[in-house]
Amino acid sequence: MFRRRTASPGRGHATGWARGVGATRVALVAALVQAALAGTGTAPGATTVRTPPAVMSSHSAGAGSASTLPGPPAAPEPAAPEPPAPSEPDGGAGPDDLTAPGTESEGSAWTGSPELPPDWPWGDEWRPPSTNDVEANGHGTASDRPTTVDAAALTAMPVPAFPFLPIARPVISIPEPVEVGGPSEPFTLTGRVSGATALTVQRLPVALAADGTFAVDFPAPPPAIEVVARGVTGHVTERRVVVDVRYPAGRAVHVGASAWARAPVRDEILRLAEEGWIDTVQLDVKDEYGWVAHATGVPLAREIGAVRERYDVANTLDLLHAAGVRVAGRIVTFRDPVLAGWSWERGEPDRVVRSRDGTAWGAGYGGPVYTNFANPEVRQYNIDLAVEAAELGFDDVVFDEVRRPHGALDLLWFPGLAGSPEQGVAEFLRDARNAVRPYGAYVGATVHGVAATRPTEVAQDIPAIGGQVDFVAPILFPSSWGPGEYGIARPESQPHEITSRALADVVRLLAGSGAQVVPWLQDFSVGADFGPDEVRAQIRAAEEAKAPGYLLWNPGGRYQEETWDGTG
């Protein structure tokens, strides 16, 4: 195997190192030539990793063959419960699969080190092989220091980079943005690579035409596509391509399940839809009390007694679709008193957010209210409700209260959490969208307005969340801001100004994520009277920010027609 140098560099060590390289130079050249002539780009004995077949095919000029590629990544195994211990936020940095969209690595080239031997003859642009160049997937990685060379390991190394050949990084060219019309719409990814001997997309090989072009067919868009090209020297270039599924946002209103069950509210909503004032209605699937509003088939909901049937889901969807509107299903996610209370009383404490002393966290809530987003059973319960909603015919699924409770982080304990709370929330949304997307529904997430400037307060890293959903709905109610926010003395009295300034932050943070911004706007009076003029002021701010739509909130489901017809 390759051995990393541990001694301090010096003349004697440098001479011995150079002698070792010279002794293996012929073997290195032979390995490279053999691999190049074989046209495989891999030295004899190199390890090949295979992945399960799935639903994507590739084609190129003259190739005439197809290869299957894997679907969305499986959810990670849950971590073992950990003892209570202080956990500091890390600023919301996510794991590799939560890297901000658009990030890419320009290959594995070593860029120099003060540990180079003093008589190193080739300069910083060339380097010897490194143990870091050998990985299970055959891709090189960055090397930070020179190493000695063991000739016996050469046969296990994909076309190595070594000191007497210049670095050659492949170039990947893909037209962006990659836009797809819907979550279940087939599309083709096209591009060109130069200086590459091999290309993989989603970790499976893709055929290249003679001019380096390629095309890969997808039956449905994944959230992102990983493209890796390898050059003749073994260096790789990686590209993460965000797939932008355009959410058809418009003029939406929220209606709670209990409000929808009342005929006067229901009739008024249908009239607004039929007259064209609104084009989307958001209904509760699971509300902030933990009640599931329809006759669900999700076993855990029935086991814990969460079902409170407020509407017939099939009839309701038919009625709203016949009126020409989209229907979004709101799932209040981790604020769930029913699941939290039932789990705590029946010996499932890890489903509940806890204090550092092990008791249920209930400060300010009157008992167990918030479930633990790091618990796999809690996650799966909400994902099961979302998948069922998509199967039943909801056009969108919106995860609300997808956050941690308010309170000092050093007083909270999330059993099983690996990483920061911000990572845990983003990972849940990744898994949820992967589960829902095959059924053709869009996935959105609600975030609190303060998350734009203080993400750790609610465990909502907006850029990370944006990479995992189709749209983000920030709650920007003027009455929800304290005095002085964004330099505004009384935000509830200046609805246009506070909405404009807060929304600008969210738009900036989501740039390049592929997620659209659909702000929640206030249509109720708290602290100040909110008539049609105040609602229109918020809508104008959203339009000025180029938001494709908005969502109005009134707790009773009663909306002012004058907001749209201009008579108020």
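## Packing of helix 10 and helix 11

Helix 10 and helix 11 run roughly parallel to each other (a term for angles under 35 degrees, with over 145 counted as roughly antiparallel, 65 to 115 as roughly perpendicular and the rest as oblique), because helix 10 (residues 495-510) and helix 11 (residues 532-544) pack at an angle of about 30°, with 8 Å between their axes. The axes are lines fitted to C-alpha atoms over the stretch in contact, with angles running from 0 to 180 degrees between N-to-C directions. The crossing of the two helices is right-handed, that is, the near helix is turned clockwise from the far one by less than a right angle.

On the helix 10 side, Pro495, His496, Thr499, Ser500 and Leu503 meet Glu534, Ala537, Gln538, Arg540, Ala541, Ala542 and Glu544 of helix 11, contact meaning heavy atoms within 4.5 Å. The residues of this contact divide into 5 nonpolar, 4 polar and 3 charged (Ala, Val, Leu, Ile, Met, Phe, Trp, Tyr, Cys and Pro count as nonpolar, Asp, Glu, Lys and Arg as charged, and the others, Gly among them, as polar).

## Basis of the model

This is a predicted model, in which local features need pLDDT of at least 70 and side-chain atom pairs count only at pLDDT 80 or more, while totals for chains, interfaces and linings use all residues. Residues are numbered from 1 along each chain as its sequence is written, and side-chain values use heavy atoms, with hydrogens and water left out.

## Aromatic pairs

The whole structure holds 10 aromatic pairs, a pair being rings of Phe, Tyr and Trp (its six-membered ring) with centres within 6.5 Å, stacked if the planes are under 30 degrees apart, edge-to-face if over 60 and tilted otherwise. Tyrosine 247 and phenylalanine 471 form a stacked pair, 4.0 Å centre to centre with 15° between the planes. This pair links distant parts of the chain, 224 residues apart, with tyrosine 247 in the loop between strand 12 (236-245) and strand 13 (251-255) and phenylalanine 471 in strand 20 (residues 471-475). Tyrosine 247 is buried at 8% relative accessible area (buried meaning under 20%, exposed over 50% and partly exposed in between, with a 1.4 Å probe and protein chains only), and phenylalanine 471 is buried at 3%.

Phenylalanine 334 and phenylalanine 428 form an edge-to-face pair, 5.1 Å centre to centre with 65° between the planes. Phenylalanine 334 is buried at 0% relative accessible area, and phenylalanine 428 is likewise buried at 0%. Phe334, Phe373, Phe399, Phe414 and Phe428 form one aromatic cluster.

How values were computed:
Helices (H or I, at least four residues) and strands (E, at least two) are DSSP runs, numbered from the N terminus.
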